[in-house]
Amino acid sequence: MNELRAVLRQGTQAAHQRLDARMSTLPLDRRPSYSRFLHAQAAALVPLEIALEQAGVVYLLPDWSWRTRRAALLADIRQLDGEAPPSPASEEQVVDWIDSPAAMLGATYVLEGSRLGGALLRKQVLAAEDPVIRLASRFLNHGNGENLWLTFNDTLKEAQLDEAARAVMVDSAVRSFALFETAAPPLPN
């Protein structure tokens, strides 16, 4: 494991575990639960992707246009619910911390990691009896079979960050996890 990835993994472990606990409670083979999942993903992913683009992520990751998943996610929501989700506008969805390459790396670490996690969730969605759920799987299928995690890791390996920039990177990743956690459906009692 490369050094910056290890720093990110260690620095975000608690946030990652909290988010996994929240998301693991949803049975994605049922429309209401899958819809809640997709809407929660949109509430966090859309503002993160937009903030990354505004910060110039394409200079850090020239293949960004291939990595972005919001169009696939919004298409799945339209297919499943028959309408587009409302635009995220609450204060929890304000992303104002992505203002440096280090912050971009932290946020992108979370987005690329969610793509990996989506591979596990995809199995549940593709096994659903409801054909509409199976068809609304563009988001979870996005990048399947590509080397997007590996190429992101290459970017991490090449990054030269001092201690202050590493702290910014981890803070950005923790905030990005928190955005997904805030949007996630609550844990059952």
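A crossing of two helices is left-handed if the near helix is turned anticlockwise from the far one by less than a right angle, and right-handed if clockwise. In this predicted model, the crossing of α7 and α10 is left-handed, whereas α7 passes α11 in a right-handed crossing.

**Packing of α7 with α10**

- The axes of α7 and α10 (148–158) cross at roughly 160° and come within 10 Å.
- Because angles over 145 degrees count as roughly antiparallel, α7 is roughly antiparallel to α10.
- On the α7 side, the contact is made by Leu105, Thr108, Tyr109, Glu112, Gly113, Arg115 and Leu116.
- On the α10 side, the residues in contact are Leu148, Trp149, Phe152, Thr155 and Leu156.
- By class, the contact of α7 with α10 has seven nonpolar, three polar and two charged residues.

**Packing of α7 with α11**

- From α7, the contact involves Ala102, Ala103, Leu105, Gly106, Ala107, Tyr109, Val110 and Leu111.
- From α11, Ala165, Val168, Met169, Ser172, Ala173, Ser176, Phe177 and Phe180 take part.
- The contact of α7 with α11 comprises 13 nonpolar and three polar residues, with no charged ones.

**The largest pocket**

- The largest pocket holds about 680 Å³ of space.
- Its lining consists of 26 residues, and those nearest the centre of the pocket are His16, Asp20, Gly113, Ser114 and Gly117.
- At least two lining residues come from each of α1 (3–11), α2 (13–23), α3 (31–55), α7, α9 (138–141) and α11.
- Helix α7 gives the most to this lining, with nine residues.
- The lining of the largest pocket divides into 13 nonpolar, nine polar and four charged residues.

**The second largest pocket**

- The second largest pocket has a volume of about 170 Å³.
- It is lined by 15 residues, of which Arg115, Leu116, Gly143, Asn144 and Glu146 are the closest to its centre.
- Two or more residues of this lining are given by α7 and by α10.
- Helix α7 again gives the most, with five residues in the lining of the second largest pocket.
- Six nonpolar, five polar and four charged residues make up the lining of the second largest pocket.

Notes:
Residues numbered from 1 in each chain as written. Predicted model: local features only at pLDDT ≥ 70, side-chain atom pairs only at ≥ 80, totals over all residues. Heavy atoms only, no water. Helix = DSSP H or I, 4+ residues; strand = E, 2+ residues; numbered from the N terminus. Contact = heavy atoms within 4.5 Å. Nonpolar A, V, L, I, M, F, W, Y, C, P; charged D, E, K, R; others polar. 1 Å grid on protein atoms, 1.4 Å probe; cavity = no way out; pocket = protein on both sides within 12 Å on 5 of 7 lines; lining within 4 Å. Points joined across faces, edges and corners; volume = space filled by probe spheres on them. Axes fitted to C-alpha atoms, helices over the stretch in contact; angles between N-to-C directions. Parallel < 35°, antiparallel > 145°, perpendicular 65-115°, else oblique.
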